[in-house]
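Here are some reading notes for a colleague opening this entry. Please keep the structure in view while going through the points.

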Amino acid sequence: MQVRNTLQPLPPPDRVAEPDKSNPVKYGEYLVNAGHCNDCHTPTDEHNQPIPDMYLSGGEPLTGPWTGKGPITVSSLNLTPDPSGLAYMNEALFIKTLRVVP
Ligand code: HEC
């Protein structure tokens, strides 16, 4: 039996401008967008829309087989500079945290 794939690939996105690496804030914004950090680290409302005032503040529940033993729910963490977020991190710890592979 032949299976037909009815899903078509999306057209390639428009070319994205090179980030300004000399401006750490702009470069960070580019990396956050490229990494879709917002998708998990910004809580959503009852319509699954990001809550604008809560940008990157965490708390979004994510359910999946994270431990390999069946589904569990974890919450994304607060990535803002707030004391409940990443205020305790310096650049070296942040890089180390993102590079850790279990
Ligand atoms: C698919 C969902 C998802 C995406 C996308 C995502 N994260 Fe996360 N992140 C999580 C979850 C869930 C946790 C909490 C994990 C835990 O509790 O062990 C977390 C934890 C973290 C932590 C640890 C914070 C701490 O206090 O230890 C950092 C830093 C982080 N994420 C940064 C990022 C950045 C930067 C991006 C984008 C490049 C990103 N995350 C994208 C789900 C995500």
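1. Of the 102 residues of the protein chain, what percentage count as buried? The figure is 4%. Keep in mind that this is a predicted model.

2. Confidence comes next. The protein chain has an average pLDDT of 88, and 92% of the residues reach at least 70. Among the elements, strand β2 (residues 72-75) has the highest mean pLDDT, 94. Helix α3 (residues 91-99) has the lowest, 90.

3. Now the fold. The protein chain holds three helices and two strands. Starting at the N terminus, their order is α-α-β-β-α.

4. What radius of gyration does the protein chain have? The value is 18 Å, whereas a compact globule of 102 residues would come near 13 Å. Along the principal axes, the C-alpha atoms fill a box of roughly 60 × 40 × 30 Å. Take the contacts between residues at least 6 apart in sequence: 8% of them join residues at least 24 apart.

5. Look at helix α1. It has 11 residues, and the number buried is zero, so α1 lies largely in the open. Just after α1 comes His-36, with a positive phi of about 55°. His-36 is not a glycine. Its place is in the loop between α1 (24-34) and α2. Is His-36 buried or exposed? His-36 counts as exposed because it has 9 C-beta neighbours inside 10 Å, and the cut-off for exposed is 12 or fewer.

6. Leu-56 also deserves a look. Leu-56 has a positive phi of about 60° and is not a glycine. Leu-56 sits in the loop between α2 and β1. Is Leu-56 buried or exposed? Leu-56 is buried, because 21 other C-beta atoms lie within 10 Å and the threshold is 20 or more.

7. Gly-58 is found in the loop between α2 and β1 (61-64). Gly-58 is partly exposed, because it has 19 other C-beta atoms within 10 Å; a buried residue needs 20 or more. Which residues does Gly-58 touch, leaving aside those up to four places away in sequence? They are His-41, Ser-75, Ser-76, Leu-77, Asn-78 and Leu-79. Gly-28 is 30 residues from Gly-58 in sequence, and the two C-alpha atoms are 18 Å apart in space.

8. Ser-84 belongs to the loop between β2 and α3. Ser-84 counts as exposed because it has 11 C-beta neighbours inside 10 Å. Ser-84 and His-41 are 43 residues apart along the chain, and 13 Å separates their C-alpha atoms.

9. Turn to the ligand. How many residues surround the ligand? There are 13, and the closest are Gly-35, Cys-37, Cys-40, Ser-76 and Leu-77.

10. Which element gives the largest share of the shell around the ligand? Helix α2 (residues 37-41) does, with four residues. By class, the shell has seven nonpolar, five polar and one charged residues.

Methods: Residues are numbered from 1 along each chain as its sequence is written. This is a predicted model: local features need pLDDT of at least 70, side-chain atom pairs count only at pLDDT 80 or more; totals for chains, interfaces and linings use all residues. A residue is near a molecule or strand if its C-beta atom, placed from the backbone, lies within 6 Å of it. Ala, Val, Leu, Ile, Met, Phe, Trp, Tyr, Cys and Pro count as nonpolar, Asp, Glu, Lys and Arg as charged, and the others, Gly among them, as polar. Two residues are in contact if their C-beta atoms, placed from the backbone, lie within 7 Å. The radius of gyration is taken over C-alpha atoms; the globule rule is 2.2 Å times the number of residues to the power 0.38. pLDDT is the predictor's confidence in each residue, from 0 to 100.
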